[in-house]
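Good morning, colleagues. Please take a moment with the sequence and the structure, and then I shall go through them with you.

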Amino acid sequence: MLYGNRSTMSALSRMTEGNRLAQCFLFYGDKGLGKKTLAKWFAQRLLCSGTGEKPCGVCKNCRTVQKNVHPDVIWVPHSGKLQGFSVETVRDICSQAIVAPNSGDKKLYIFADCDRMDTRAQNILLKIIEEPPAFTYFIFTAGSRQTLLPTVISRLVPFAVSACTEDETLTALRELGWPDADAQEAVAAFHGNIGCCISFLEDDNVKLLVSLTKEVVRCIIDKREYDLLKVFFSVSNDRNSALWLLHDLEMVFRDAVTFRLGQDIPSISCDPVGAGMLAGKLSTAKGQYFHKCIGKAHDAIAANVNLQLVMSALCAELMSGK
Ligand SMILES: [Zn+2]
């Protein structure tokens with residue numbers, strides 16, 4: 001089920017009708033916003049054999065796409081510690097992409113989470129995405145459009161996947177069977193990001209990371225270096241937890257900076273109260289500096305730099321505060 005992003009869906013629908021207008025797409029936006037869900041919806045829209053509105057959700061194609069077992073919808077496998085795409089995999093895809101589909105008249109390759117796709121792999125893809133066979137479609141998903149080479153980007157039709165409203169998110173979570181109080185708690189932490197709300201409800205570690213984020217904010221405000229180090233140390237054995245924590249923290253600083261600038265933008269962080277305190281305490285320049293440091297640490301961890309080193313360097317930066 002896909003919530004929000006109605007205008008994107010109707011634009012994509014138009015692009016699958018009539019003369020083929022586009023075959024290569026990029027869906028980009030924050031984690032949890034539904035880029036992969038949108039890719040699956042697009043696959044159904046493309047291959048649906050129903051007669052009414054597409055995707056019908058009940059034909060054989062729609063059902064097999066839903067279960068990730070359709071032979072012509074290929075989720076390209078990741079490899080390596082950084083979960084990129086190997087050169088061998090990409091070469092394979094390029095030679096398979098020119099082979100006619102198994103069952104229908106179209107096939108689709110989905111490269112999900114492309115943020116760590118290396119330059120070599122991207123360069124190999126250039127030729128096929130420039131002139132794909134008439135039956136072959138490609139979808140790439142990424143956190144931001146800057147993570148791919150400009151030469152690749154120029155061959156893709158980009159769509160920003162955006163958050164839902166909080167009301168839409170509450171409705172969605174209720175429809176998915178979550179009790180109202182739980183749904184409210186999730187939306188207070190992750191607003192219109194349905195994927196992150198669901199992670200919050202299903203995974204106690206995500207809940208813990210929200211409370212750790214709040215603790216980090218208070219450590220920074222009170223200049224408690226030792227306590228800050230303790231929190232950072234607690235996630236220093238788990239890359240994923242560290243990435244979540246820093247992502248949550250980045251959002252709090254983004255809130256703090258927008259609060260300071262007096263912009264009437266709704267909170268996007270899990271700790272609007274802490275963001276308000278930071279806004280009262282830090283200059284705008286310092287807030288932006290901290291926001292940048294956290295973003296840099298996040299990218300370093302994602303790029304497999306030593307976790308402990310990154311976290312202790314970040315702690316020093318947040319405490320010195322140039
Ligand atoms: Zn269908």
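**The metal site and a domain interface**

I begin with Cys48, which is buried, because its relative accessible area is 7%, under the 20% limit for that class. Please keep in mind throughout that this is a predicted model.

Cys56, by contrast, counts as partly exposed, with a relative accessibility of 28%. Both residues belong to the zinc site: the ion is coordinated by the SG atoms of Cys48, Cys56, Cys59 and Cys62, at 2.3 Å. Along the sequence, the spacing of these donor residues reads C-x7-C-x2-C-x2-C.

What is the arrangement of the four donor atoms around the zinc ion? It is tetrahedral, because the angles they subtend run from 103 to 119 degrees. For reference, the ideal angle for four tetrahedral donors is 109.5 degrees.

Let me turn to the domains. The chain is divided into domain 1, residues 6-160, domain 2, residues 165-202, and domain 3, residues 204-320.

The centres of domain 2 and domain 3, taken over C-alpha atoms, are 23 Å apart. In the interface, nine residues of domain 2 are in contact with 10 residues of domain 3. Together the two domains bury about 760 Å², and carbon and sulfur atoms account for 66% of that area. On the domain 2 side, Phe190, His191 and Phe200 contribute 54% of the area buried against domain 3, more than any other three residues.

How many salt bridges are found across the interface of domain 2 and domain 3? The count is zero. Polar contacts between domain 2 and domain 3 number two residue pairs.

Thank you for your attention.

Technical notes: Residues numbered from 1 in each chain as written. Predicted model: local features only at pLDDT ≥ 70, side-chain atom pairs only at ≥ 80, totals over all residues. Heavy atoms only, no water. Donors = N, O, S within 2.8 Å, 3.2 Å for Na, K, Ca; no water. Tetrahedral: all angles 85-135°; square planar, octahedral: opposite > 155°, others 65-115°. Buried < 20%, exposed > 50% of the residue type's maximum accessible area, 1.4 Å probe, protein only. Domains from an automatic or database assignment. Contact = heavy atoms within 4.5 Å. Buried area = accessible area lost by both parts, 1.4 Å probe. Salt bridge = Lys/Arg side-chain N within 4 Å of Asp/Glu carboxyl O. Polar contact = N/O pair within 3.5 Å; in protein donor to acceptor, adjacent residues only side chain to side chain.
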